[in-house]
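Grab a pencil and work through the exercises below. Try each task before you read its solution.

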Amino acid sequence: MTAADRIDELRRWIAEADRAYYQLDAPTVPDAEYDRWIRELQALEAAHPALSRPDSPTRRVAGAPSPAFAEVRHAQPMGSLRTVMADDEAAVAAFVERIRKAGGEGEPRFSVEPKIDGLAVSLRYENGLLVQGATRGDGATGEEVTANLRTIRALPLALRLPPGQTPPALLEVRGEVHMPKAAFERYNAQAIARGEKPLANPRNGAAGSLRQLDARISAGRPLAFFAYGVGQVAGLELPPTHSATLRLLGTFGFPLAREIDVATGLEGLLAYHRRIGAARAALPYEIDGVVYKVDDRALHEVLGSTGREPNGSIAHKFPAQEELTVVEGIDVQVGRTGAITPVARLQAVSVGGVTVTNASLHNADQIARLDVRVGDTVVVRRAGDVIPEVLRVLPERRPCRADGSPQHPAFALPAHCPECGSAIERAEDEAVARCSGGLHCPAQRKQALLHFASRRAMNIEGLGERLVEDLVDFGAVKTVVDLYRLSLDDLLAMKRRADARDGVMAETVKSGKIPTRWAENLLGGIDQSRNTTLERLLFALGIREVGEATAKQLARWFGSLDALMAADVEALLAVPDVGPVVSARIHGFFAEPQHRAIIAELRAAGLHWPEGPAQGMAQGPLAGKSVVLTGSLDSFTREVAGAHLEALGAKVVGSVSKKTALLIAGEEAGSKLDKARELGIEVWDEAALIAFLQAQGRLPSV
DNA sequence: TGGCCTCGAGTTCA
DNA sequence: CTCGAGGCCA
């Protein structure tokens with residue numbers, strides 16, 4: 001591709017993305033990708049000045065004003081910030097060095113702030129009253145959106161001044177309009193319930209809301225505001241530092257981001273970047289970086305600006321949370337219950353600082369909804385900052401044949417299990433398709449073994465994915481019972497065959513001695529698991545619909561395995577939280593002769609657990625109450641605290657709802673605490689919990 | 001019957 | 001964390 005072609009292509013892509021973003025309020029391309037296009041285009045135009053054109057998108061910063069609103073010329077231009085990528089510490093160091101040279105002796109001081117992901121506005125207060133509000137637009141000219149801004153509750157319509165003090169003749173306050181995460185989610189849930197189109201993301205929600213022509217629509221949107229600076233001023237002496245100016249704005253009644261701070265020198269800046277980066281997910285609003293501003297106002301002015309970018313400030317970004325990548329293939333995985341899950345194999349891409357190569361596509365419906373195909377360019381993000389997720393496909397980037405038809409067909413689930421060849425079936429009313437092979441399917445067998453060995457089930461240390469894979473592939477283990485029959489010799493023989501298959505030179509040959517440590521550890525882990533509890537065993541068996549909570553309930557209700565196995569459907573229905581579906585599953589499981597045989601053999605292999613009489617309903621001072629634990633506790637883990645509460649009759653659940661009776665909030669409690677406050681649910685801190693447990697005699701009093 | 005609550009199951013990477 | 005589905009209550 002020639003430079004001219006590439007320039008054309010980039011200009012076309014950018015124009016499309018601009019249109020989607022600014023006119024349709026529905027972004028198609030992640031910001032990080034957009035930034036890269038702009039930078040690449042700038043570089044190409046610099047290298048080939050002949051190809052530069054006055055209408056190139058690099059000639060404007062952002063946002064053509066929409067024709068629907070009156071234009072406002074900013075008396076003092078609203079500049080943009082030079083941005084530094086997350087990993088470019090050298091650029092931050094260079095910035096600090098420049099400031100140090102200009103500033104004379106000592107480490108320079110900075111006002112440091114989170115960079116709110118919203119929409120910059122300028123608010124004009126004349127004689128203390130809000131008279132005009134405008135968007136940033138292209139920096140020189142923005143849109144007049146006063147009526148919409150007035151609907152934002154957080155904005156003072158008049159400056160708050162001590163009695164008797166004359167308001168300044170003119171004060172322009174700059175800040176960021178944004179939509180807090182919780183408000184965004186609430187709004188979307190309601191929008192969906194009303195059958196309206198949900199907002200794409202909080203930032204877009206804020207931008208779209210401000211640009212509503214009907215201010216009543218803006219008023220219905222949960223917008224918030226943080227001040228970050230001032231523009232034109234008359235009749236007011238500003239303090240000598242930026243941080244003091246922000247505090248002054250605070251006294252005038254403007255909301256300020258809580259994370260605003262001051263920092264000294266390079267180390268101080270980088271520490272702030274790390275601190276806010278770590279807290280990012282827990283903040284109630286979206287941020288995409290932090291901003292460093294020279295605190296000394298005079299020095300900031302001396303430093304001047306380059307183009308529209310002040311030299312005394314930079315934005316230090318965080319790693320992008322959304323990225324573009326290409327789908328290299330779509331595989332299917334087989335789960336413990338036979339569930340077939342399609343997985344997108346992705347070209348490796350760094351999202352939020354972590355390399356992502358796989359993303360679950362959940363099920364056939366999801367694939368159909370997204371219409372993902374091999375070769376597609378897709379937007380990926382890490383949902384809840386952890387799990388990669390394919391958000392959408394860029395259809396215009398789909399590889400095509402000469403005749404314009406797509407190169408790859410729409411994805412279809414295979415008819416047969418890739419692991420065992422059994423038919424794949426999908427029940428009428430269910431979203432998931434399943435392999436019908438049952439335990440004949442090696443994939444299901446492996447998953448069943450892993451589940452059995454997992455921490456919350458039998459907790460067999462040393463038995464991981466690789467090992468299970470080999471144990472099943474070489475026929476050393478077929479059912480969970482076989483685990484308890486393994487000998488050291490079996491394991492070593494299997495290891496030799498696995499090494500031979502992988503072409504690994506046997507360690508025996510190299511060193512002359514047999515490494516047996518891993519095998520001994522595994523046998524030790526298996527042996528320890530013989531001593532267990534009924535609820536762990538029930539969970540480990542992998543009965544469909546019986547997870548940890550149900551297993552716990554069954555164990556306490558029946559007290560012994562024999563009582564449970566003897567129970568008919570009727571008796572099972574009496575157990576709380578067990579209905580017709582679950583009771584049929586349990587009864588069906590124990591009716592299978594092979595399952596009864598496995599249980600008998602596990603007992604014969606030495607598995608044992610305490611049994612007692614049937615206990616029925618939970619008793620105790622917290623009987624019948626749902627309790628949620630969140631945040632981190634100092635004196636014990638959430639698990640241990642939960643066990644204490646359960647012993648007092650409480651039901652420990654994971655999420656806060658109207659039915660929650662009590663929330664125990666440790667350090668750094670996040671959204672659950674917010675929700676509990678909102679619902680008016682009783683909240684205890686760790687000290688209150690400890691005092692309660694002591695009063696109940698579950699903890700020694702001090 | 002509909003609308004919560006919960007639970008179960010599946011998932012990624014270091 | 002998220003989706004889907006079971007259980008329970010109005």
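**Exercise 1: around H587**

Task: find what H587 touches beyond its close sequence neighbours, and decide whether H587 is buried, partly exposed or exposed.

Solution: Setting aside neighbours within four places in sequence, H587 is in contact (heavy atoms within 4.5 Å) with A567, D568, V569 and L572. The C-alpha atoms of H587 and A567 are 7.6 Å apart, though 20 residues separate the two along the chain. Finally, H587 has 32% relative accessibility, so it counts as partly exposed (buried is under 20% relative accessible area, exposed over 50%, partly exposed in between, with a 1.4 Å probe and protein chains only).

A word on the source: this is a predicted model, where local features need pLDDT of at least 70 and side-chain atom pairs count only at pLDDT 80 or more, while totals for chains, interfaces and linings use all residues. Residues are numbered from 1 along each chain as its sequence is written, chains are lettered from A and ligands numbered from 1 in the order written, and side-chain values use heavy atoms, leaving out hydrogens and water.

**Exercise 2: L538**

Task: list what L538 is in contact with, again leaving aside neighbours within four places in sequence.

Solution: The partners of L538 are I543, A551, L554, A555, L561, L564 and F590.

**Exercise 3: two helices**

Task: which residues of helix 15 meet helix 17?

Solution: From helix 15, L488, L491, L492 and K495 meet W518, A519, E520, L522 and L523 in helix 17.

Key: Helices (H or I, at least four residues) and strands (E, at least two) are DSSP runs, numbered from the N terminus.
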